[in-house]
Amino acid sequence: MKKILGMASIAFLTGCASANYSDINTSQAVISNLKVTELGKAGTNKHQLDVKFDYSIKDYSDVTGLYKCSILFTSSQDKLVTVTTKREPCKIDSESGSISIKWDTPLSTSAGYSKESLRKMVLPLEYQVTIHQKRTKNSNVVIGMSQPLYITSDS
């Protein structure tokens with residue numbers, strides 16, 4: 001009986017602790033001082049972008065897990081994709097700061113991009129550094145985005 005009450009209490013507290021992201025006003029983010037270096041060789045096991053940037057978020061809400069950043073690659077004229085199955089997107093937990101991440105590109109054979117997405121990609125490969133805000137448990141909205149950048153096959 002004590003076990004059941006204990007598990008029920010944990011479930012209740014977990015439910016209370018989760019945020020209703022859709023009730024939070026959408027923020028706006030600015031990415032600045034962006035520096036990107038390509039690491040590795042395209043078509044090998046590890047082709048990455050070493051990305052460093054500063055950010056600031058207007059109308060920041062101090063909610064754990066609300067903001068994250070990622071690199072989105074253009075798959076077609078109206079579709080941007082990324083893969084985060086092997087890694088967590090970078091988490092942002094302050095109104096402003098600096099980020100330094102390494103991100104596998106679709107030109108890395110171990111990155112895990114779908115064959116469908118890869119077929120639609122063309123060189124030079126366009127990508128953007130983005131900051132997202134959660135809207136629901138499984139969806140988010142881009143609140144800040146860099147200017148388009150490009151990967152060529154020369155690396």
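**Disulfide and aromatic pairs**

The count of disulfides comes to one, taking a disulfide as a pair of cysteine sulfur atoms within 2.5 Å. The model is predicted. A search of the whole structure also finds two aromatic pairs.

**Disulfide**

- Cysteine 69 and cysteine 90 form the disulfide, with their sulfur atoms 1.4 Å apart.
- The torsion about the S-S bond of cysteine 69 and cysteine 90 is about 130°, so the disulfide is right-handed.
- Cysteine 69 lies in strand 3 and cysteine 90 in strand 5 (residues 90-92), so the pair ties together parts that are 21 residues apart in sequence.
- Cysteine 69 and cysteine 90 are both buried.

**Aromatic pairs**

- Two aromatic pairs are found in a search of the whole structure.
- In the pair of tyrosine 60 and tyrosine 67, the ring centres are 5.2 Å apart and the planes stand at 20°. Planes under 30 degrees apart count as stacked, so this pair is stacked.
- Tyrosine 67 has a relative accessible area of 1% and is buried.
- Phenylalanine 73 and tyrosine 127 form a tilted aromatic pair, at 5.9 Å centre to centre and with 45° between the planes.
- Phenylalanine 73 belongs to strand 3 (residues 67-76) and tyrosine 127 to strand 7 (residues 125-136), so this pair ties together parts that are 54 residues apart in sequence.
- Phenylalanine 73 and tyrosine 127 are both buried.

Technical notes: Residues numbered from 1 in each chain as written. Predicted model: local features only at pLDDT ≥ 70, side-chain atom pairs only at ≥ 80, totals over all residues. Heavy atoms only, no water. Phe/Tyr/Trp six-rings, centres within 6.5 Å; stacked < 30°, edge-to-face > 60°. Buried < 20%, exposed > 50% of the residue type's maximum accessible area, 1.4 Å probe, protein only. Helix = DSSP H or I, 4+ residues; strand = E, 2+ residues; numbered from the N terminus.
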